[in-house]
Amino acid sequence: MSKELLMVIDAVAAEKGVPEAVILEAMEAALASAAKKRYAEQDVLIRVQIDPKDGSYETFRRWEVVADDVVMESPDRQLRLMDALDESEDVDVGDYIEEQIDNPEFGRIAAQAAKQVIVQRVREAERAQVVDAWKDRIGELVTGVVKRVERGNVYVDLGGNAEAIIPKDKGIPRDVLRTGDRVRGYLFDVRSEPRGPQLFISRAAPEFMMELFKLEVPEVGQGLVSIKACARDPGDRAKIAVLAHDNRTDPIGACIGMRGSRVQAVTNELNGERVDIILWSDNPAQFVINAMAPAEVQSIVVDEDKHSMDLAVAEENLAKAIGRGGQNVRLASRLTGWQLNVMTADQVREKSEAEQATAKALFMEKLEVDEEIASILVGEGFSTVEEVAYIPVGELLAVEDFDEDIVEELRSRARDALLHDALAVEEGLDENQPAQDLLDLPGMDEATAYALAERGVRTREDLAEMATDEIADVEGLDEERAAALIMEARRHWFE
């Protein structure tokens with residue numbers, strides 16, 4: 001048996017390509033599993049130790065040492081410290097006491113159980129090797145052969161016992177992949193899974209397109225041209241933003257290639273996906289103008305607070321700017337990171353005039369100024385009372401027709417208006433707060449009390465005067481509970 005063990009360990013390690021130490025550990029676990037069959041009605045700990053030199057092995061039963069004052073959850077595998085000290089003087093809580101027992105005899109059932117343990121441990125070792133081999137390659141392009149396609153998920157053999165999956169939502173729509181096809185993808189995740197693939201590939205990620213351009217465009221691979229951003233509707237259309245680090249290099253021309261050969265190679269890999277290559281700019285407005293190509297933008301209104309831009313285009317170019325199904329503006333928005341609102345010049349003007357009128361009315365109401373002063377504030381770009389209240393004095397003094405007295409008065413009125421609004425909000429909150437006698441009502445909980453207060457039922461007396469059908473639809477109440485709470489609120493009437 002000793003030589004047979006060593007032969008099995010060598011053979012399995014060579015066949016599966018895993019270290020002999022892993023197979024040795026699996027064999028020990030298998031033998032321990034067989035030994036446990038003797039203790040069918042007990043939950044015992046068994047340890048088997050195989051000598052890697054001659055294949056001999058010993059079997060031990062183990063007890064975990066626990067503190068004297070704890071309740072033992074499993075007496076068959078635990079031992080109190082005071083009892084363990086009788087066996088060994090240098091033992092402590094958390095250590096193990098062992099007793100050698102007879103080695104297990106391998107019957108048919110024991111051998112089958114041992115085989116299952118070994119197979120499981122070998123699979124775990126193989127998965128761990130795959131994770132170790134690929135975890136540092138996240139973010140790379142990988143190539144493999146399609147093994148099978150199940151429910152839209154594509155399973156890919158990468159070689160070296162590594163299997164990857166292209167999830168259905170990470171594939172390119174209408175991309176027909178068949179068993180045996182070679183396929184490329186972007187490795188975006190590597191993780192341990194109890195079953196199935198551990199490597200996850202995407203063909204829909206923007207990074208996939210960027211990596212393809214690195215392959216096809218030498219200037220990108222050499223760092224002369226950078227791909228700063230990419231946005232895709234996989235399989236249909238995409239936009240990439242490029243930047244040259246050398247004035248002598250045309251970044252767009254480099255990515256297109258002679259007669260479009262380079263961009264066409266990327267398009268072919270992506271099932272015909274059309275690619276718009278635009279020039280990146282660190283000026284957000286200019287970047288958006290470039291990203292909206294092929295549509296021409298006439299003017300831009302930037303709202304930094306909302307991180308949005310209103311784009312004005314000629315009426316005849318509106319459909320082109322928006323794109324089929326909003327695709328052009330959607331891709332441009334994702335590429336630039338700004339919310340883009342496309343409209344005609346007339347619509348932009350009407351919107352701007354409406355916003356100015358709203359701001360003017362706000363200033364006339366809150367600051368109690370005439371239309372002339374309100375128009376000056378709007379014309380200088382002020383749109384909120386907060387801006388008037390807290391902007392540096394110097395900026396207001398720079399406004400023509402404003403002297404120190406006017407500036408100080410405007411700032412004072414703005415702060416008074418803000419304080420008044422804050423107090424109004426606070427009073428409104430107080431009105432919706434339940435009174436303490438309602439919160440203390442037997443059977444009442446805080447959530448229900450606040451829900452009732454929003455209906456104007458803030459006190460115990462308010463609730464007592466309610467009918468069941470008036471509050472039965474409040475969140476957390478039904479007719480039965482509503483009736484019970486109302487009766488409880490009315491109890492003091494009868495007492």
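Author: Helices (H or I, at least four residues) and strands (E, at least two) are DSSP runs, numbered from the N terminus. This is a predicted model, in which local features need pLDDT of at least 70 and side-chain atom pairs count only at pLDDT 80 or more, while totals for chains, interfaces and linings use all residues. Residues are numbered from 1 along each chain as its sequence is written, and side-chain values use heavy atoms, with hydrogens and water left out.

Reader: Which residue just after α11 takes a positive phi?
Author: Helix α11 covers residues 327–336. Just after this helix, a positive phi of about 85° is taken by Gly337.

Reader: How many of the residues of α11 are buried?
Author: Buried means under 20% relative accessible area, exposed over 50% and partly exposed in between, with a 1.4 Å probe and protein chains only. The buried residues of α11 include Gln327, Asn328 and Val329, and their cover includes β10, β11, β12, α9, α10 and β15. Helix α11 is mostly covered, since the number of buried residues among its 10 is 7.

Reader: At what angle do α9 and α11 pack?
Author: Contact, meaning heavy atoms within 4.5 Å, is made here by Phe287, Val288 and Ala291 of α9 and by Ala332, Leu335 and Thr336 of α11. Axes are lines fitted to C-alpha atoms, for helices over the stretch in contact, and angles run from 0 to 180 degrees between N-to-C directions. The axes of α9 (residues 284–291) and α11 lie 9 Å apart, and the packing angle is about 145°.

Reader: Which residue in β11 stands opposite Ser226?
Author: Strand β11 (residues 237–244) pairs with β10 in the antiparallel sense over 8 bridges. Within this sheet, the residue of β11 that stands opposite Ser226 is Leu243.

Reader: Does β15 run parallel or antiparallel to β14?
Author: On one hand, β13 (residues 299–303) is joined to β14 by 5 bridges and these two run antiparallel, with Ile300 having Leu311 as its bridge partner. On the other hand, 6 bridges join β14 to β15 (residues 339–344), and that pair runs parallel.

Reader: Which residue is the bridge partner of Ala312 in β15?
Author: Ala312 belongs to the residues of β14 that are buried. Its bridge partner in β15 is Met343.

Reader: Is Glu404 buried or exposed?
Author: The place of Glu404 is in helix α16 (residues 404–431), and its C-alpha is 8.6 Å from that of Val393, which is 11 residues away in sequence. Because its relative accessibility is 60%, Glu404 counts as exposed.

Terms used. Pairing = 2+ DSSP bridges.
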